[in-house]
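Let's take a walk through this protein together. Keep the picture open and follow along as we go.

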Amino acid sequence: MTTLALHTARLRLEPYTPADEEDFVALFQDTRVSRWMGEGPQTEAEDRALFGRVFSKVYAQDLFDVWAVRHEGTFMGHAEIKPSPEAGGHEIVYALAATAWGQGFGTEIAQALTGYGFDELGLTEVHATVAAENTASLVLLERIGFRHVRDIAEDDGGTTRVLTRSVAPEAAGSGQPR
């Protein structure tokens, strides 16, 4: 699998380059963003190591697709679609710089990732895992056809919601939701 560039009406999702490191680290060091990602906020060194693994593992071993998100050439976020045992299939993951929130970019990214999963990867379902407190992401995903299927109780006492969007059997390959 080779990560292809994706386009939305306003965004370009393209493979990371080494020149993106500072933007990636700044995105993940912003606790308004990182509080919703993976294990939550990490040290700068951990975020730099994560960025390095995009090249040394993810791209080098062709593990899954991951992109830098740009608007008018400016870095504004992160996107990926990857196998997730926790979700029970392929999961979409995205993060936007706080300055880009509330402008519809999250919807564009989620729709692009979902369509990519259906059309390019041939998936019949795409999943997302979202902290139960992350109301904005839950509303966004439900608005574009994801449905809540179950909750995961986390070790820290929090709850993660698993949402799923399926392709209608007659629309398999077209990215049309069921």
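## Around phenylalanine 146

If you skip residues up to four places away in sequence, phenylalanine 146 touches Ile92, Thr114, Val126, His127, Ala128, Leu141, Leu163, Thr164 and Arg165. Keep in mind that this is a predicted model. You'll find phenylalanine 146 in the loop between H5 and strand S7 (147-153).

Is phenylalanine 146 buried or exposed? Its relative accessibility is 4%, and buried means under 20%, so phenylalanine 146 counts as buried. Along the chain, phenylalanine 146 and arginine 165 are 19 residues apart, yet 4.4 Å separates their C-alpha atoms.

## Strand S8 and its partners

Now look at strand S8, residues 159-166. Here 6 of the 8 residues are buried, so the rest of the structure largely encloses this strand. S8 runs antiparallel to S6, and 7 bridges join the two. One of the links to spot is threonine 129, whose bridge partner in S8 is valine 162.

S8 also pairs with S7, again in the antiparallel sense, over 6 bridges. There, aspartate 151 has arginine 161 of S8 as its bridge partner. S7 and S8 make a hairpin with 5 residues between them, and glycine 157 in the turn has a positive phi of about 95 degrees.

## The nonpolar cores

The largest nonpolar core has 29 residues, and Leu13, Ile92, Ile109 and Leu141 touch the most other members. Several elements each supply at least two residues, including strand S2 (11-14), strand S5 (89-96), helix H4 (105-119) and helix H5 (135-143). Which element gives the most to this core? That's H4, with 6 residues.

Zoom in on leucine 13: beyond its neighbours within four places in sequence, its contacts include Leu4, Trp67, Val69, Ile109 and Leu113. Another core, of 16 residues, lies apart from the largest one, and among its members are Phe24, Val25, Ala68 and Ala95.

## Salt bridges

The count of salt bridges comes to 10. In one of them, the side chains of arginine 10 and glutamate 108 meet at 2.5 Å, N to O. Arginine 10 sits in the loop between strand S1 (6-7) and S2, while glutamate 108 is in helix H4, so the pair ties together parts that are 98 residues apart in sequence. Arginine 10 is partly exposed at 34% relative accessibility, whereas glutamate 108 is buried at 12%.

Arginine 32 also forms a salt bridge, with aspartate 30, and their closest N and O atoms are 2.8 Å apart. Elsewhere, salt bridges with shared partners join Arg12, Glu14, Asp20 and Arg70 into one network.

Definitions and conventions: Residues are numbered from 1 along each chain as its sequence is written. This is a predicted model: local features need pLDDT of at least 70, side-chain atom pairs count only at pLDDT 80 or more; totals for chains, interfaces and linings use all residues. Side-chain values use heavy atoms; hydrogens and water are left out. A nonpolar core is a set of buried Ala, Val, Leu, Ile, Met, Phe, Trp, Tyr and Cys residues joined through side-chain atoms within 4.5 Å. Buried means under 20% relative accessible area, exposed over 50%, partly exposed in between (1.4 Å probe, protein chains only). Helices (H or I, at least four residues) and strands (E, at least two) are DSSP runs, numbered from the N terminus. Contact means heavy atoms within 4.5 Å. Two strands pair if DSSP finds at least two bridges between them. A salt bridge is a side-chain nitrogen of Lys or Arg within 4 Å of a carboxyl oxygen of Asp or Glu.
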